[in-house]
Amino acid sequence: MKPAPFEYHRAYTPKEVTELLLELGEDAKILAGGQSLVPMMNFRLARPTALVDINPVSGLDYIRRDGDVLRVGALTRHRSVELSTEPDVHNGFSVLPGAARWIGHFPIRSRGTVGGSIAHADPTAEWCLLARLYDAEIVVLGEHGTRTVPSDEWFTGFLTTAALPGELVLETRFRRPRRHGTLLEYARRRGDFAIAAVAVAFDITDNRCHDVSMVLGGVANEPLRVPEAEAYLEGAEPGERAWAEAARLAAEAVTPGTGPDDGDHGYRRHLVGTLARRALAEAQAGPAGPRPRGGAS
Amino acid sequence: MTEQIGRRVPRKEDRRLLAGHARFGADVQFPRMAHVRVVRSPVAHGTVSRIATEAARAQPGVIDVVTAEDLPADLRIPVRLHVEGTDPGERLQPVLASHTVRYVGEPLAVVAAEDAYLAEDAAELVELEIDELPARLDAGSGDDEVVADFGLGYGDVESAFAGAAHVARLEFSVQRHSGVPLEPRALTVDYVPATGGVEIFGATKVPGFNRRVLAQLLDVDESVIHLHAVDAGGGFGVRGEFYPEDFLVPWLARRLRRPVSWVEDRAEHLVAVNHSRQQRHRLEVAAAGDGTILGLRDDVWHDNGAYVRTHGVIVPELTLSMLPGPYRVPAYSGRVRVALTNKTPCGTYRAPGRFEGTAAREQLLDLVAAELGMDRVELRRRNLLTPGELPHTRAMHTLGTELVLDSGDYPRLLDRALDTVDELGWRELVARGRAQGRLLGLGLSLFLEKSGLGPHDTADVEITSTGRVRVHSGGTSLGQGIETVLAQIVADEFGVSVDRVDVVNGDTTLQPFGTGSWASRSTVVAGSAVRGAGRAVALRVRELGAEVLEAAPEDVELADGVVRVRGAATARALDLAEVWLAAQPGSPWLRDGEPAGLSARHRFAVDRMTYPYGAHVCVVEVDPGSGGVTVLRYLVAYEVGRAVNPALVEGQLRGGVAQGVGGALLEEFRYDESGQPQCTTFMDYLMPTASEVPAVEIVLCEDAPATTNPLGARGAGEGGLTGAGAAVASAVSDAIGRPAMTGLPLDPGSVLAALGTVTGPAAASADGIP
Ligand SMILES: Cc1cc2nc3c(=O)[nH]c(=O)nc-3n(C[C@H](O)[C@H](O)[C@H](O)COP(=O)(O)OP(=O)(O)OC[C@H]3O[C@@H](n4cnc5c(N)ncnc54)[C@H](O)[C@@H]3O)c2cc1C
């Protein structure tokens, strides 16, 4: 459990990061919070020849509201989002602080970064689910300047993204704020990566659901939107009947071959049904404030 | 000074542990130390055609690369605990595999380098050519290599079943899991050029036995091998047995003539240390219509992994011998087949054999109660042995001792457990939850334990220059608090506080005759030895003190660490330092030929074990939406005979429950179809955390002092674990309205399957989601 040999570099500006990456070649990697990369290096599953530590880069640790867009800098720690009490965050994006509480354990949340999670693209990672839930855009800096990638194009497979070699994630822009939303997940122990997770967001006007998004985690190689459930809920009357039907549609989206572990897709399907129904009911009950953690129960 | 035995004395070892002054194996470092990395088999079964070490050797910083060819021929690790009539033959584990590898993780070569990083880099360059063979992964599959097949029992089982009003049958399996100490193994070995011997830091559990084995394998005199006492971050049965590394590291130190260090990493640990627990039971109980047990049968398949290690086949033997538990079972017959598979070899894990057997038997009793329409508690009460029936001899042997259940009051313990459950309102808690539509269940298990295995242990006690009491015991410190307990026992012989006592455990030079810490034996056996040695020294202190005080020995007393003439408050008194001085060579008080110093060695021998017993009760909630099980409440009632330190007994029980909940719900070493281990990190091998382990209520009973030792103590190391799988299974079956579960772990998939919600990978539909 000792990493293979590697070089270590420190960068102080975003530009320096991309220059260093260009110079060091494809086998160099960015080091952010290190909470995914370092364990993989210790197991020698990742063998970067060089690391570019971006922690000294200033100006990438922020949560900012611009109208309907919530901009989160790449070096923002999970813990900062979790502790946020900003009305700018809670109005319309209240799912974020609540979801942060599901990420690993305290030390992991204190070091791990939102940008690192988006770049790592684990299909159960909370930020990846929320990026899809809020139709986020990912802003990256490369050799030729910045570009913006919509989240439905960003996640391209298991732990893979549309980022080009040498690109640095600068920011994630969450869009389409909604009043109701929540993320629920189940793992056998607190703090573990979820076996399955469900995130929902919607508005309710005149006792009808509008602008509904639903994303599943842990059931496919990337976070999975459920257009069937979203379409069904659009205009539906909020309540147990609608939630049960939407949960059924969500569970149906879990098909053999979509999951990382086909063997138990029957179980995941059952679990997704449970979580979807509970998430919709919980979201209806109100904007999720700081909430005690408690598994699917 | 008030008596120290029975007090909640804070742990002596905590001062150094909490201040960071403890010394673990890897803390011992020497100049010029070489670092070792073990090259392990990447396949479950295969023929080794070539091991090429040139590339690894050529790496800068590499000192040596060793394969089986470099070792003396056919070195195998012997069995420590023999079961009569069994013979592991060819299936003892070699130190390094040569022609055949039999499990993923089996040592094939060793690299020594200037630092641990270089060693790991070079280990990757050792080229292995292995022709894979089919891997055998299940015991009892029809194609088995059975290394032992034996039975235990007594009475006329055939007629018991023939005449029974009712027979209940249960198949029950327990998954492969094991003890996972937070500190992985570590060994630092220094070479002593003058003697050709070695100084070893990092051994635990059974240093005396390990020294003997190492001396035989190295072909040296035992006296040139010195195993030092170190701290250990948990033992649980797995740590401290003689493993391949326990030969390889000292052997390399002698070969290289320099100090060598090896620190196991977690991924290695999870494939290298003894696994345990994997058994499949087919049980049958014959009962009268009123629930009276007439006979019991069990047919067990025990998956022992690839080799027979130091424990031989003692674990399944313990399963069989302890299966009847605290009940009146007139006729019993158990059979076990110990099968070898291409997985990590097995050994003991805290409550070995009993965790498995107790879970199987107690679920069988729940089942027969359900089938007879009887209350689970009532059925047990009817069959518990009564105090009048004890001592109770079962015509069987276990661990080489006759199985005689000593004193006890099993029904009273059950009453005390249930009275506490009533006081705590757990039945109402379950009823209230159920009224809200939640799936709550109450579980109960009763168990019999064994402890205080002899045949002997030896201790030395000595008074030192400032009047401190020093103990060299044969136990070992694994984090269990044995230093404190032994200090309490010896302190009372001198009337001093434990602060005046120093205990050194597990140093083979200071205590060459130690038998180690395992099998819940140290308080009972090492404790009795320490007491005997302390008593002998106290006698000498009084005699010599009397001499100095010019009084008759029977007129002086030793209290509060001071010798004085009895009844004469103003008379001159001698403290222990003064008596020590009087015992120094040249002292006028020493007679001709009388040895100097104040010390004594005592050997305590006992040929039978003492049998503690207890009950576990818990409340669980099952979430039908996820299949998740949450343990809400937990209680252990335990008969300890006499608690030398109640706080430490409670700590032992609580720690056991944590591991038991892990074993019941979470922990499992899984393998894929080719024999690749799937649980080699803490992401996959799920240890319970503080979030999963409930608070534990303890009913500590001292109603039945043991009769086999002068302290009256029964061991307490394992009872927190023994009944846990059984109690959690009982609670889950109660919650979901099934008579019994069919195995552990109670993971979400199997809970939902038992509920009938998800029946197979493809069968589930989202309809009927609760
Ligand atoms: C025990 C444990 C439990 C965990 N549980 C969870 C969980 O429940 N949910 C969850 O979401 N996560 C979990 N994590 C992972 C954690 O959230 C990580 O922090 C996160 O996935 C990665 O962020 P990081 O800053 O640590 O990235 P790093 O580990 O430093 O990097 C991860 C990858 O992203 C790349 N990268 C990092 N930053 C950038 C950037 N700005 N631009 C481009 N590439 C970049 C790196 O090169 C690397 O390939 C867990 C981790 C552990 C150890």
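Author: Happy to; what follows starts at the interface and then turns to the sheet and one further ion pair.

Please keep in mind that this is a predicted model. At the interface, 37 residues of chain B are in contact with 29 residues of chain A. The size of an interface is often given as the accessible area lost when the parts come together. Here the area buried between chain B and chain A is about 2,700 Å², and carbon and sulfur atoms give 58% of that area.

Polar links are there too. Between chain B and chain A the count is 15 residue pairs in polar contact, with both residues at pLDDT 80 or more. Five salt bridges are counted between chain B and chain A. One of these joins A:Arg47 to B:Glu124, with 2.3 Å between the closest N and O atoms, well worth a look on your screen.

Which elements give two or more residues to the side of chain B that touches chain A? They are four helices of chain B: H3 (116-123), H7 (266-272), H16 (646-666) and H19 (748-755). H3(B) makes the largest share, with four residues. Sorted by class, this side of chain B has 20 nonpolar, ten charged and seven polar residues.

Now to the sheet. In chain B, five strands form an open sheet with mixed pairing, in the order S7-S15-S14-S13-S8. Strands S7 (145-154) and S8 (166-174) of chain B stand at the edges and have a single partner strand each, so one side of each is left without a neighbour in the sheet. From one strand to the next, the twist averages 10°.

S7(B) and strand S15 (residues 332-340) of chain B run antiparallel and are joined by nine bridges. Within that pairing, B:Val146 stands opposite B:Ala339 in S15(B). Helix H9 (residues 354-372) of chain B packs on the sheet, where H9 touches S8, S13 (279-287) and S14 (293-303) of chain B. The direction of H9(B) makes about 145° with that of S8(B).

Finally, back to ion pairs. Over all chains, the salt bridges come to 77. Among them is A:Arg208 with A:Glu237, whose closest N and O atoms are 3.7 Å apart. This pair links distant parts of the chain, 29 residues apart: A:Arg208 is in strand S13 (residues 208-217) of chain A, while A:Glu237 lies in the loop between helices H10 (227-233) and H11 (240-252) of chain A.

How values were computed: Residues are numbered from 1 along each chain as its sequence is written. Chains are lettered from A and ligands numbered from 1 in the order in which they are written. This is a predicted model: local features need pLDDT of at least 70, side-chain atom pairs count only at pLDDT 80 or more; totals for chains, interfaces and linings use all residues. Side-chain values use heavy atoms; hydrogens and water are left out. Contact means heavy atoms within 4.5 Å. Buried area is the accessible area (1.4 Å probe) that two parts lose on being put together, summed over both. A salt bridge is a side-chain nitrogen of Lys or Arg within 4 Å of a carboxyl oxygen of Asp or Glu. A polar contact is a pair of N or O atoms within 3.5 Å; within protein, one must be able to donate a hydrogen and the other to accept it, and residues adjacent in sequence count only if both atoms are side-chain atoms. Ala, Val, Leu, Ile, Met, Phe, Trp, Tyr, Cys and Pro count as nonpolar, Asp, Glu, Lys and Arg as charged, and the others, Gly among them, as polar. Two strands pair if DSSP finds at least two bridges between them. Axes are lines fitted to C-alpha atoms, for helices over the stretch in contact, and angles run from 0 to 180 degrees between N-to-C directions.
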